[in-house]
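User: I am new to this structure. Please show me how to read its features, one at a time.

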Amino acid sequence: MPPLPDLERAVMDALWSASGPLTAREVQQALSDRELATTTVLTVLGRLERKGLVTRSKSGRAHRYRPTASREEHIAELMRDVLDGAPDRSAALASFLGSVPPGDRQTLRDLLR
């Protein structure tokens, strides 16, 4: 899965930050600094739904959208995809670990125990 384009990522950030499913208009309001048309937001939500990143359910006349996975689960999937594409998995992991700040290295050590 490639990284999300800027607008799709912004919509996903709005959905991940919400306490529950949102309508397209609520997503539009969450992204009010971008001055997006509701049709644009609906187009982006449709793309995200086709990619399997959001689901929608009927709520009156509108649909409510929610992420299919948490932000952390999505990031982990991106990391696995990149790692799976590496010709030398060990070298990629070693390079990654060499670039991780000390605090994060400790977190990794704790998680691996």
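User: Which residues make the nonpolar surface patch?

Analyst: A note before that. This is a predicted model, where local features need pLDDT of at least 70, side-chain atom pairs count only at pLDDT 80 or more, and totals for chains, interfaces and linings use all residues. Residues are numbered from 1 along each chain as its sequence is written, and side-chain values use heavy atoms, with hydrogens and water left out.
Now the patch. Patches take residues with over 30% relative accessible area and no salt bridge; nonpolar side chains (Val, Leu, Ile, Met, Phe, Trp, Tyr) are joined within 5 Å, like charges within 9 Å. Areas come from the Shrake-Rupley method with a 1.4 Å probe, and for residues only the protein chains shown count as cover. Here Ile75, Met79, Phe96 and Leu97 make a patch of about 360 Å².

User: Which elements give two or more residues to the nonpolar patch?

Analyst: Helices are DSSP runs (H or I, at least four residues), numbered from the N terminus. The patch draws on helix H4 (71-84) and helix H5 (89-99). Leucine 97 sits in helix H5.

User: At what angle do H4 and H5 pack?

Analyst: Axes are lines fitted to C-alpha atoms, for helices over the stretch in contact; angles run from 0 to 180 degrees between N-to-C directions. Under 35 degrees is roughly parallel, over 145 roughly antiparallel, 65 to 115 roughly perpendicular, and the rest oblique. H4 and H5 pack at about 130 degrees, with axes 9 Å apart. H4 is therefore oblique to H5. In contact (heavy atoms within 4.5 Å) are Met79, Leu83 and Asp84 of H4 with Arg89, Ala92, Leu93 and Phe96 of H5.

User: How do the axes of helix H1 and helix H3 cross?

Analyst: The axes of H1 (residues 6-17) and H3 (residues 38-50) come within 10 Å and cross at roughly 85 degrees. So H1 is roughly perpendicular to H3. Leu7, Glu8, Val11, Met12 and Leu15 of H1 meet Thr40, Val44, Leu45, Arg47 and Leu48 of H3.

User: How many salt bridges does the structure hold?

Analyst: Side chains of opposite charge can pair when their charged atoms come close. A salt bridge puts a side-chain nitrogen of Lys or Arg within 4 Å of a carboxyl oxygen of Asp or Glu. The structure holds nine. Aspartate 6 forms one with arginine 9, the closest N and O atoms being 3.2 Å apart. Because the two are three residues apart in helix H1, about one helical turn separates aspartate 6 from arginine 9.
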